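Subject: Structure handover

Hello,

Please find the structure below, with the sequence. My notes on it follow directly after.

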Amino acid sequence: MSFITELVILVLAAWVGVEVISKVPQMLHTPLMSGTNAIHGVVVVGAILVLGAAAGGTVETICGVVAVAFGAANVVGGFVVTDRMLQMFRRRPEPPKQDQG
Amino acid sequence: MTRVDLIQVAYLVASFCFILGLRWLSSPRTARRGNLVAAVGMLIAIIATLVDGRVIGYTWIAIAAFVGGSIGALVARRVQMTAMPQLVALLNGLGGGAAALIAISEYHAMSASGEVALGAVIAVSVMFSTIVGSISFAGSLVAFGKLQEIVPGRPITWPAQKMINGLGAIVVLGLAAYASFNIHDPILWLAAAIALLLGVSAVLPIGGADMPVVIAFLNACTGLAAAATGFALNNSLLIIAGVLVGASGTLLTQLMSKAMNRSVASVLFGAFGGGGGSGSAVGASGEALPVLEISASDLAAQLVYARRVMIVPGYGLAVAQAQHPVRELADLLIARGVSVAFAIHPVAGRMPGHMNVLLAEADVPYDQLLEMEEANADFPQTDIVLVIGANDVVNPAARDDESSALYGMPILEVDNAEHVIVFKRSMATGFAGVENMLFHDPKTRMLFGDARKSLTQLVQDVQAV
């Protein structure tokens with residue numbers, strides 16, 4: 001991929017990011033932060049590439065193992081805790097139906 | 001289609017999932033689904049990466065992913081909602097650390113293959129993710145320590161702090177430039193080590209209540225560090241996801257500092273605030289201003305006969321663990337036909353939106369939670385406002401007194417309501433150390449004591465009315 005292509009991707013992604021995120025209400029800012037936190041755990045992809053290709057080199061293996069562990073904790077922890085928070089956001093329960101009769 | 005193409009398609013699908021997930025976060029109805037979609041996107045991305053031809057060994061990956069993933073899941077399931085800011089800081093630090101390690105490892109691979117200098121794009125991206133990732137890692141851990149109260153929350157300062165930090169930053173940049181033209185591992189490691197120290201010394205001077213801004217800022221840093229590793233590894237998914245997070249972190253940083261009426265720079269470099277001061281207000285003539293009190297039973301009677309009641313919760317409410325009694329009170333009043341809502345200031349709590357999560361945990365339905373603008377439009381029609389554990393965010397000086405340190409900060413204009421009741425431990429000032437004239441307003445009554453006890457008493461009294 002050329003540098004220019006990557007730059008185009010960067011600019012477009014930044015634009016989409018600003019558009020989408022500015023619509024998130026204040027109420028959901030904590031889940032937004034922990035959710036985006038989980039998304040930057042995508043570095044685990046980079047860590048897998050580094051560690052998977054490390055043919056026994058000590059530095060690559062150590063860096064890779066720690067990076068994969070960090071990234072995995074980041075991804076799993078981020079999505080799990082966001083889900084835990086979001087399941088608590090509930091609407092007012094419907095008023096109980098009155099018995100006829 | 002070749003395998004490489006398929007992987008690219010998978011990355012495209014993953015990017016789409018991330019964006020859709022964030023889009024669905026714009027409403028509490030769809031938010032949970034949105035998080036799930038983003039998680040599915042992540043799963044697709046990881047599977048696609050595992051089948052990449054460059055990945056040849058799986059043992060270490062499996063071990064590291066299992067250990068990291070289990071710890072992440074365990075902590076995320078156990079953590080209390082009041083401790084959410086710490087957890088976000090910690091996870092954020094891990095992401096930053098991973099980004100830095102990837103860059104260091106890439107650099108080492110190039111050094112091992114006998115290259116002498118880096119190309120411009122690779123140099124900038126490797127150095128950026130090493131430095132910013134390291135700063136984010138160390139800074140987030142200090143922020144975690146402060147929020148967890150392992151490290152003192154007050155600003156920690158030392159002489160010539162800014163100069164030393166500035167010098168450190170110059171040294172790091174110099175080392176990075178040198179390491180780009182002369183590939184030599186220890187130079188990069190030294191740069192990373194100094195960047196770690198910089199992260200520590202940058203966050204130590206920041207006061208506990210400024211943490212919402214700091215966490216949002218570090219979140220942006222980790223996102224951008226991840227995007228930089230995308231350039232280094234030629235990976236479009238890392239660029240897209242990293243930049244999405246960078247945009248989100250930047251927006252939240254700006255939003256938070258605006259809500260605190262401070263510039264981002266003054267938060268990050270200001271060493272603002274300390275322990276709350278104490279003392280009573282003194283009028284222009286030098287005598288102490290009067291403060292009127294109310295008892296829980298009197299208040300209970302007033303509340304039951306009110307038409308509209310607004311509750312303004314601050315972080316003090318969460319500290320006192322009073323979310324449940326406050327929800328009980330709201331339920332009781334609603335059952336009696338009183339209309340009740342919660343007015344939430346953007347900086348209530350220790351991170352953006354924290355108070356909403358704490359109230360949601362106590363089963364307050366989200367349609368009772370009002371943002372600042374809605375609440376301010378409502379106060380003139382409100383009979384009674386209960387201010388619980390909040391101070392600076394309801395201080396009218398921010399609106400009226402140009403000489404005040406708070407002047408210009410958007411506030412909840414509770415003094416437009418008919419009656420204001422302030423739940424408070426003592427007359428100590430808020431975080432900003434500014435006297436609050438609201439407490440001396442003739443329409444204000446104080447209910448002194450621990451918020452949880454006061455509310456529990458109030459619930460009993462309302463039941464008795």
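The contact between the two chains takes 94 residues from chain B and 78 residues from chain A, where two residues are in contact if their C-beta atoms, placed from the backbone, lie within 7 Å. On the chain B side, at least two residues each come from helix H1 (3-24), helix H2 (31-50), helix H3 (59-78), helix H4 (84-112), H8, H9, helix H14 (354-361) and strand E3 (369-371). Helices (H or I, at least four residues) and strands (E, at least two) are DSSP runs, numbered from the N terminus. H4(B) gives the most to this side, with 18 residues. By class, the side of chain B that touches chain A has 61 nonpolar, 24 polar and nine charged residues. Here Ala, Val, Leu, Ile, Met, Phe, Trp, Tyr, Cys and Pro count as nonpolar, Asp, Glu, Lys and Arg as charged, and the others, Gly among them, as polar.

Two points on provenance and conventions. This is a predicted model, in which local features need pLDDT of at least 70 and side-chain atom pairs count only at pLDDT 80 or more, while totals for chains, interfaces and linings use all residues. Residues are numbered from 1 along each chain as its sequence is written, and chains are lettered from A and ligands numbered from 1 in the order in which they are written.

The chains

Chain A has four helices and zero strands, in the pattern α-α-α-α along the sequence. Of its 101 residues, 57% count as buried; a residue is buried if 20 or more other C-beta atoms lie within 10 Å of its own, exposed if 12 or fewer, and partly exposed in between, with C-beta atoms placed from the backbone. Among contacts in chain A between residues at least 6 apart in sequence, 62% join residues at least 24 apart.

Chain B has 17 helices and six strands, and 53% of its 465 residues count as buried. Its C-alpha trace spans about 80 × 50 × 35 Å along the principal axes. For chain B, 78% of the contacts between residues at least 6 apart in sequence join residues at least 24 apart.

The sheet in chain B

Six strands of chain B form an open sheet in the order E3-E2-E1-E4-E5-E6, with parallel pairing; two strands pair if DSSP finds at least two bridges between them. E3 and E6 of chain B stand at the edges with a single partner strand each, so one side of each has no neighbour in the sheet. The twist averages 25° from one strand to the next.

Strand E2 (residues 339-344) of chain B pairs with E3(B) in the parallel sense over three bridges, and Leu370(B) in E3(B) is the bridge partner of Ala343(B). H14(B) packs on the sheet, touching strand E1 (308-313), E2 and E3 of chain B, and its direction makes about 145° with that of E2(B). Axes are lines fitted to C-alpha atoms, for helices over the stretch in contact, and angles run from 0 to 180 degrees between N-to-C directions.

Strand E5 (residues 419-424) of chain B has five of its six residues buried. Five bridges join E5(B) in parallel to strand E4 (residues 384-388) of chain B, and five bridges pair E5(B), also in the parallel sense, with strand E6 (residues 444-448) of chain B. Val420(B) in E5(B) stands opposite Val385(B), and the partner of Val420(B) in E6(B) is Thr444(B).

Helices H8 and H9

The axes of helix H8 (residues 211-233) and helix H9 (residues 236-259) of chain B come within 7 Å and cross at roughly 160°.

Single residues

Asn234(B) lies in the loop between H8 and H9 of chain B and has a positive phi, near 60°. With 16 C-beta neighbours inside 10 Å, Asn234(B) counts as partly exposed.

Leu198(B), in helix H7 (residues 185-203) of chain B, counts as buried because 22 C-beta neighbours lie inside 10 Å.

Regards
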